[in-house]
Amino acid sequence: MTKRSMDAHIEGNRLQEKKKDEDNWIFGMYVLSAVSVAVEHNLAGKKAKSKYIEKPIMQQMEELKAKENLTEEEKKNQIEQFFSRLMVMQSNFELEKSKNEKGKKEGQN
């Protein structure tokens with residue numbers, strides 16, 4: 001065996017161990033979620049708020065990556081939608097404020 005093939009073999013083993021470690025970590029996240037939900041629901045009963053992981057962890061990671069890789073047009077659309085929602089919130093706030101002020105003035109008379 002040459003040094004080059006030995007290095008490749010060592011690197012392959014290292015990558016294999018890294019993959020096993022990642023798999024064990026992910027498995028641990030599922031177990032942690034299941035145990036914490038079970039314990040809280042047993043101790044808190046109907047007041048329990050925890051939920052088991054809704055989507056597989058890998059799927060969540062892929063969705064996060066997809067959100068990061070938005071095109072400029074998609075980013076622009078999201079920003080415009082955000083500002084539109086803010087404008088609606090501002091309008092609603094101003095309407096409520098004027099109603100409250102009008103109600104206070106009528107109450108004083």
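Which residues form a nonpolar patch on the surface? The patch consists of Phe27, Val31, Val35, Val39 and Leu43, which together have about 500 Å² of accessible area. Such patches are made of residues with over 30% relative accessible area and no salt bridge, nonpolar side chains being joined within 5 Å; a salt bridge is a side-chain nitrogen of Lys or Arg within 4 Å of a carboxyl oxygen of Asp or Glu. Areas come from the Shrake-Rupley method with a 1.4 Å probe.

The model is predicted: local features need pLDDT of at least 70, side-chain atom pairs count only at pLDDT 80 or more, and totals for chains, interfaces and linings use all residues. Residues are numbered from 1 along each chain, and side-chain values use heavy atoms, without hydrogens or water.

Val39 belongs to helix 1 (residues 3–44), helices being DSSP runs (H or I) of at least four residues. With a relative accessible area of 42%, Val39 is partly exposed, that is, between buried (under 20%) and exposed (over 50%). The buried residues of helix 1 are Ile26, Ser33 and Val37, and their cover includes helix 2 (57–68).

Helix 1 has 42 residues and spans 60 Å from first to last C-alpha, close to the expected 62 Å, which is 1.5 Å times one less than the number of residues. Gly45, with a positive phi near 65 degrees, follows helix 1.

The structure also holds one aromatic pair. The ring centres of Phe82 and Phe83 lie 5.8 Å apart with planes at 65 degrees, so the pair is edge-to-face (centres within 6.5 Å, planes over 60 degrees apart). Phe82 is partly exposed at 44% relative accessibility, and Phe83 is partly exposed at 48%.

Technical notes: Patch = residues over 30% accessible without salt bridge, like charges linked within 9 Å, V, L, I, M, F, W, Y side chains within 5 Å. Helix = DSSP H or I, 4+ residues; strand = E, 2+ residues; numbered from the N terminus. Buried < 20%, exposed > 50% of the residue type's maximum accessible area, 1.4 Å probe, protein only. Phe/Tyr/Trp six-rings, centres within 6.5 Å; stacked < 30°, edge-to-face > 60°. Contact = heavy atoms within 4.5 Å.
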